[in-house]
Amino acid sequence: MMKALTRGWLPGYAILYIAFLYLPVMLLPIFSVNSSPIPVFPLKGFSMKWYESLWGNDIMLNAARNTLVVGTASALVATILGICAARAITRYRFTGKRPMSGVIMAPLVLPEIIIAISLLLVLLQFGLGLSLMTVIVGHVLICLPYSITVLVSGFEGFDPSFEEASADLGETTFGTIRRVTLPMMMPAIVSSLLVSFTISLDEFMVAFFLSGREPTLPIYIWGQLRFAAKLPAVLALGTIMLVGSLVLLTVAEMYRRRAARKTLTEAGGLFA
Amino acid sequence: MPDPNAQTGKAMIEISGVTRKFGAFTALDRVSATINEGEFFSLLGPSGCGKTTLLRLIAGFDQPTEGGITIDGQPMEGMPANRRPTNMVFQSYAIFPHMNVQENVAYGLKRMRLDKAEEKRRVEEALTQVELGHLGKRRANELSGGQRQRVALARALVMRPKVLLLDEPLSALDKKLREQMQVELRHLQKQVGITFILVTHDQYEALAMSDRIAVMFDGQIAQVATPKDIYQRPVTRQVADFLGGMNFVSAEVAAENGTSLTLKTRGFGQVKTERPEGFVVNGGTATLGIRPERLRVLWDDDRSENEIAGRVVDRHYFGEITHLIVEIPDLETPLSVIETNDFGADDIPVGSQIRLAFDPDALVALRD
């Protein structure tokens, strides 16, 4: 009886739930190709003009460039720091390990606005001007917990006897890292890079407070929302970013799975 | 004491007074041993006895708290693993999964910067030695357990080490393959003539492969001897027990001198035995041991100079052998007897009276 009830009920609930979450996102691409500047149904007709308008928009292109720079730099720095931390956490026992892990993971649960304002105050106190550098610092802080999560699960599946075998065969510590550790950790590293980049790509709060006169794409979009006439172009830009993020995360996951199969290791991922 | 089975008589590894402590836990307690050049030496013991710790100290993955190790006359103190003339076959094999078989075997050679042709020749030679010549292009995840083990062997042997260390290399294989590899490893060792040190908890493996065995308990070496001596003439009850079944009989010391003991037992009468190393006459009692297969069932009119009579209280059938439990009127614990089934030991009824023959030489005095 109970079984029959849940069988009919649960899938329906799941479909409704997913639709409620994702339908609004689906509206974005739909309205971005609507020829009317007002996002209401019924649709007027198909048009790519909003996309075309983006290419001539220098302010937008500059924001896109800023986003790429910040994203790439944050992903690299967060991943390099993440590799060191993940290795320390998985391989060594030391005093203060637990508090240290806690502190690194804290940005996951701290309100971003608090992080952003505190960083702003500190930077201003030190007399540092706001620039893309300051955004990168903030983004590294935010990306690090994700990066470490991916990398720790990668390093946890890594048998220390691989490194011992390498040393046993005459290789130096540095050579072992280059020839054994990094190649075997590559899936987790690529995964960390892509996840960090994606997080930096659409991060708003920290970028808003710390970017000064160099807006990133989310800041640019927020600025444009004040003008109703600019809305369709923003929808088009939003669609491009949405597709871009999805492609990046899919590639990250595909790469990780393929590599994990090939190397027999469980490299770990956020979406495993 | 001269070593009965030395290959060249030259010491390859000297372990002197090695202690390794992990916090309050003492993994190795003042261990000393000499391992000879070209010898197949096994470290045998239950898990936690310190045998793997000792192997890792020799390999250089760990440093002794006290004491020292020399390899081929060179003190190893402060020498990292990558500069030691040893190579290891890991229990997990640790085959690099991002490389194929050839690349794995060539891994250590890369640092020697040999010319391409020489490197290739040595890789092929090593792969042929372990009969994997045809699998050079295979990746690690395309290999069976036995093949991985051979790759690990080839990867270590290609370095031409002075000492090859094997950490439970056969424990991941099934029984049949394990027995086959025991024979192959033994042949390989004879062929290459390198000192092999094997860590194992399997007494049959150690007995079948080694020139000498060191039996370890609780961080100490209890006895070092040839397989035959360690099985037939164990010096302690613990060693005797670990290497297989043993009947223990308490005895009184009737006479003693530096090399022999005369022991009086109920059941077996008066026996003269070798005095085990380090034996202390304590309160005039001792333990005698005899292996179950050294007790032989006497049929019908068979007679023996040394007989002992009893009643069969239990019988277990194991295919080629039968295990009899025989109660002897004078002994507090029944004797266990192993008899092959070619004369019908599997048909002896439980409850019947039988006579057993024993060789007094098979009785050994044991330290407690």
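Student: Which order do the four strands of the open sheet in chain B have?

Tutor: In general, strands of a sheet pair through backbone hydrogen bonds, either parallel or antiparallel. Here the order is 2-1-4-5 in chain B, with antiparallel pairing. The edges are strand 2 and strand 5 (74–75) of chain B, each pairing on one side only. Strands here are DSSP E runs of at least two residues, helices H or I runs of at least four, numbered from the N terminus; two strands pair if DSSP finds at least two bridges between them.

This is a predicted model, where local features need pLDDT of at least 70 and side-chain atom pairs count only at pLDDT 80 or more, while totals for chains, interfaces and linings use all residues. Residues are numbered from 1 along each chain as its sequence is written, and chains are lettered from A and ligands numbered from 1 in the order in which they are written.

Student: How many bridges join strand 1 and strand 2 of chain B?

Tutor: Eight, linking strand 1 (residues 11–22) to strand 2 in the antiparallel sense. B:Ile15, for instance, has B:Ala33 in strand 2 as its bridge partner.

Student: What is the phi of B:Arg30, and is B:Glu168 buried or exposed?

Tutor: For burial, count other C-beta atoms (placed from the backbone) within 10 Å of the residue's own: 20 or more is buried, 12 or fewer exposed, in between partly exposed. B:Arg30, in strand 2 (residues 25–36) of chain B, has phi near 45 degrees, positive though not glycine. B:Arg30 is partly exposed because its count is 14. B:Glu168 sits in the loop between strand 7 (163–167) and helix 5 (175–192) of chain B, with phi near 40 degrees. B:Glu168 is buried, since its count is 20.
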